[in-house]
Amino acid sequence: MSQLTVAKFGGTSVVDAQAMHRCAAILEQNPDTRLAVLSASSGVTNILVALASGEHQPDSRAALLQQLTEIQQGILNSLDKPEMLTRHIEDILIHIKELADSAAISPTKALHDEIVAQGELMSTRLFVELLRHRGTPAVWFDVRKVMRTDDRFSRATPDLATLQAEVEKELKPLASNQLVITQGFIGAAQDGRTTTLGRGGSDFSAALLAETLDAIAVQIWTDVPGIYTTDPRLVSNARPIAEISFSEASEMATFGAKVLHPATLQPAVRQQIPVFVGSSREPEAGGTWIRNNTESQPLFRALALRRNQVLLTLTNQSMFQVHGFLAEVFGILAKHKISVDLITTSVISVSLTLDSGAEALTDEVRAELDKHCHLKVEEGLALVALIGNRMSEVSGTGTRVFKTLEDVNVRMICYGASPHNLCFLVPEDNANQVVNDLHAELLPAE
């Protein structure tokens, strides 16, 4: 197989016919892009999630189905409503109504995934027809043939060995000499039931398929021209980054940057596949390349912010010189599948933040922790992550950062475990100002 690039288009990139035409033009300009992975049109997944919840009355379900129909019909109308595709989309909409009616009676996680997956199945069918309308031949491929997963519905984990084998058999021959359009975010359990991969699943799907196809690059097309030094909605003079390392980008994604999901980079890192992030609205604006090694390695590269953080402080007066306390605590968290982000310790206590927020602290979890320690829970906090290089090795780094924050109550600090980040918790009310002040001091305009 010749060199192959995988492109992924997010929901805003395929929101309507005009947006889809922009995506088609991007594909037509690069003949090496022979696999395109699509999300559902923007807004569709939210509607489907609402229908899958089973909480809506018949009138509410009818209104949601009407919204869904209008989004699909808008794209069909631009294509002069081809008969076969129109009938196919109408069949999917009928299927969604039947599934939603079932969910209203007895919602299940499996039913939820089956409903939500219909968004990607429709967007890819419409996009293939739009490409043909433009004179660009393309084939539609059901990713569930290859993306086999476990049966943890809504958070399914792909089976990498099966994926590799099925891609070799089913997908690689198709993509060897033609453009293939497939779905992100969805997969199938071993028994064939539809699953979804969770938040960021389309990016993850694209990276996994790129890995198994030995692709030379992954292109993530979204609504912003690359990764910025921080969220431009927070800091007006935030600027796009031309290139960033896998390590830095992984830290940014983990600690709140919305452009990439943390899992996206794992397959790319394994095979050192460069990842490009750009805007489908203005591809001429360029974007950000994520590579294993970059020419520049600045001390400070970017800032990320994650809101709604929960801080747990677990205190045990007998913790000093007692073996096994931390093992007990983390054993309880692992048992309940609760991930920990940041952690600091003192002589008799340990403080940590939870990736999943306060909702993970069920009565059962609290009761088990209470057997071992006194538990204090603090909410209303935000996590600020400063991303860069060699930060734990360069003298004065901490001084520069915390001098900027001398008027802020910094609740927790994590520094030194990685040369690529310095993280701390601040009150939610101070978060925007903290990010602005740090950006002005550490990441001034070039």
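Colleague: Among contacts in the chain between residues at least 6 apart in sequence, what percentage joins residues at least 24 apart?

Modeller: It's 76% of them, where a contact means heavy atoms within 4.5 Å. Bear in mind that this is a predicted model: local features need pLDDT of at least 70, side-chain atom pairs count only at pLDDT 80 or more, and totals for chains, interfaces and linings use all residues. Residues are numbered from 1 along each chain as its sequence is written, and side-chain values use heavy atoms, leaving out hydrogens and water.

Colleague: How many helices and strands are in the chain?

Modeller: The chain has 14 helices and 17 strands. These are DSSP runs numbered from the N terminus, with helices being H or I over at least four residues and strands being E over at least two.

Colleague: What makes the chain as compact as a globular protein of that length?

Modeller: The radius of gyration, taken over C-alpha atoms, is set against the globule rule, 2.2 Å times the number of residues to the power 0.38. The rule gives 22 Å for 446 residues and the chain comes out at 24 Å, which is close, so it counts as compact as a globular protein of that length. Along its principal axes, the C-alpha trace spans about 70 × 55 × 40 Å. Buried residues account for 52% of the 446.

Colleague: On to single residues. Why does T5 count as buried?

Modeller: The cut-offs are on relative accessible area: under 20% is buried, over 50% is exposed, and in between is partly exposed (1.4 Å probe, protein chains only). T5 has 4% relative accessibility, so it counts as buried. T5 sits in strand β1 (residues 5-9). Beyond residues up to four places away in sequence, T5 touches N30, D32, T33, R34, L35, I216, A217 and Q219.

Colleague: Then why is K376 called partly exposed?

Modeller: Its relative accessible area is 42%, which puts K376 in the partly exposed class. K376 belongs to strand β15 (residues 374-388). Leaving out residues up to four places away, K376 touches L311, L312 and T313. Its C-alpha is separated by 61 Å from that of P82, 294 residues apart along the chain.

Colleague: How do you know that K337 is exposed?

Modeller: K337 has a relative accessible area of 58%, so it goes down as exposed. K337 lies in the loop between α11 (325-335) and β13 (340-345). Its phi is positive, about 55°, although K337 is not a glycine.

Colleague: And F185, buried or exposed?

Modeller: At 14% relative accessibility, F185 counts as buried. F185 is in the loop between β5 (180-183) and β6 (186-189). Its phi is also positive, near 80°, in a residue other than glycine.

Colleague: Let's do helix packing. What makes α3 and α6 roughly parallel to each other?

Modeller: Axes are lines fitted to C-alpha atoms, for helices over the stretch in contact, and angles run from 0 to 180 degrees between N-to-C directions. Under 35 degrees is roughly parallel, over 145 roughly antiparallel, 65 to 115 roughly perpendicular, and the rest oblique. Helix α3 (residues 58-78) and helix α6 (residues 118-133) have axes that come within 10 Å and cross at roughly 15°. The two are therefore roughly parallel. L68, Q72, I75, L76 and S78 in α3 meet M122, L126 and H133 in α6.

Colleague: Why is α7 called roughly perpendicular to α8?

Modeller: The axes of α7 (residues 160-175) and α8 (residues 201-212) come within 9 Å and cross at roughly 70°. That makes α7 roughly perpendicular to α8. The contact takes in L160, L163, Q164, V167, E168, L171 and K172 of α7, plus L208, L209 and T212 of α8. Those residues split into six nonpolar, two polar and two charged. Here Ala, Val, Leu, Ile, Met, Phe, Trp, Tyr, Cys and Pro count as nonpolar, Asp, Glu, Lys and Arg as charged, and the others, Gly among them, as polar.

Colleague: And what makes α2 oblique to α4?

Modeller: Helix α2 (residues 44-52) and helix α4 (residues 83-105) pack at about 40°, with axes 8 Å apart. That angle makes α2 oblique to α4. L48, L51 and A52 in α2 meet I96, A100 and A103 in α4. This contact divides into six nonpolar, no polar and no charged residues.
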